[in-house]
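Please consult the sequence and the structure while reading.

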Amino acid sequence: MKQKTREPITNYRIWIGFLIIFILLNPWYFPSGDPVLVYGVPLWALVIMGVTVVLSLYITYVIRYHWEIEDEEESGKEEK
């Protein structure tokens, strides 16, 4: 049984996920002043790197499970 998929641009849940990730990418929630260091690296930088990895995994998930690639491949074959 094939799961029905919609284009990612029309799925509001995907956009909410992107919005949350992009909000976390900006270090506005860290206090100003002396940064907390973890092995010499500011904590905000480690958090940003972690959220970047999460963003990459989320984009991979969206492409893998929500993008209709089969239709694009089929339409490409018909054009030839």
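Q: Within what distance do the axes of H1 and H2 come, and at what angle do they cross?
A: In this predicted model, the two axes come within 9 Å and cross at roughly 165°.

Q: Why are H1 and H2 called roughly antiparallel?
A: The crossing angle is roughly 165°. Angles over 145 degrees count as roughly antiparallel, and H1 and H2 are therefore described in that way. The crossing is also left-handed.

Q: Which residues make the contact between H1 and H2?
A: From H1 the contact includes Arg13, Ile14, Gly17 and Phe18, together with Ile21, Phe22, Leu24 and Leu25. H2 contributes residues including Ile48, Val51, Thr52, Leu55 and His66.

Q: What makes up the largest nonpolar core?
A: The largest nonpolar core has 9 residues: Ile14, Phe18, Ile21, Leu25, Ile48, Val51, Leu55, Tyr58 and Val62. Helix H1 (12-25) and helix H2 (43-66) each supply at least two residues of this core, and H2 gives the most, with 5 residues.

Q: Why is Leu25 called buried?
A: Leu25, which lies in helix H1, has a relative accessibility of 18%. Buried means under 20%, so Leu25 counts as buried.

Q: What is Leu25 in contact with, leaving aside its neighbours within four places in sequence?
A: Leu25 is in contact with Ile48, Val51, Thr52 and Leu55. Leu55, with residues up to four places away in sequence likewise not counted, touches Phe18, Ile21, Phe22 and Leu25. A further value relates Leu25 to Val47: the two are 22 residues apart in sequence, and their C-alpha atoms are 8.2 Å apart in space.

Q: Why is Asn26 called partly exposed?
A: Asn26 lies in the loop between H1 and E1. Its relative accessibility is 44%. Buried means under 20% and exposed means over 50%, with partly exposed in between, so Asn26 counts as partly exposed. The C-alpha atoms of Asn26 and Trp44 are separated by 9.2 Å, and these residues are 18 apart along the chain.

Q: What makes Pro42 partly exposed?
A: Pro42 is found in strand E2, and its relative accessibility is 21%. Since buried means under 20% and exposed means over 50%, the value for Pro42 falls in the partly exposed class. Not counting residues up to four places away in sequence, Pro42 touches Pro35, Val36 and Leu37.

Q: How do you know whether Tyr39 is buried or exposed?
A: Tyr39 is found in the loop between strand E1 (37-38) and strand E2 (41-42). Its relative accessibility is 84%. Exposed means over 50%, and Tyr39 therefore counts as exposed. Tyr39 also has a positive phi of about 55°, although it is not a glycine.

Q: What pattern does the chain follow when read along the sequence?
A: The chain has 3 helices and 2 strands, and their order gives the pattern α-β-β-α-α. Buried residues make up 18% of the 80 residues in the chain. Among contacts between residues at least 6 apart in sequence, 61% join residues at least 24 apart.

Q: Where in the chain is confidence lowest, and where is it highest?
A: Confidence is lowest in helix H3 (residues 69-79), at a mean pLDDT of 63, and highest in H2, at 94. For the chain, the mean pLDDT is 84, and 78% of the residues reach 70 or more. Where pLDDT is low, the predicted coordinates should not be read in detail.

Definitions and conventions:
Residues are numbered from 1 along each chain as its sequence is written. This is a predicted model: local features need pLDDT of at least 70, side-chain atom pairs count only at pLDDT 80 or more; totals for chains, interfaces and linings use all residues. Side-chain values use heavy atoms; hydrogens and water are left out. A nonpolar core is a set of buried Ala, Val, Leu, Ile, Met, Phe, Trp, Tyr and Cys residues joined through side-chain atoms within 4.5 Å. Buried means under 20% relative accessible area, exposed over 50%, partly exposed in between (1.4 Å probe, protein chains only). Helices (H or I, at least four residues) and strands (E, at least two) are DSSP runs, numbered from the N terminus. Contact means heavy atoms within 4.5 Å. pLDDT is the predictor's confidence in each residue, from 0 to 100. Axes are lines fitted to C-alpha atoms, for helices over the stretch in contact, and angles run from 0 to 180 degrees between N-to-C directions. Angles under 35 degrees count as roughly parallel, over 145 as roughly antiparallel, 65 to 115 as roughly perpendicular and the rest as oblique. A crossing is left-handed if the near helix is turned anticlockwise from the far one by less than a right angle, and right-handed if clockwise.
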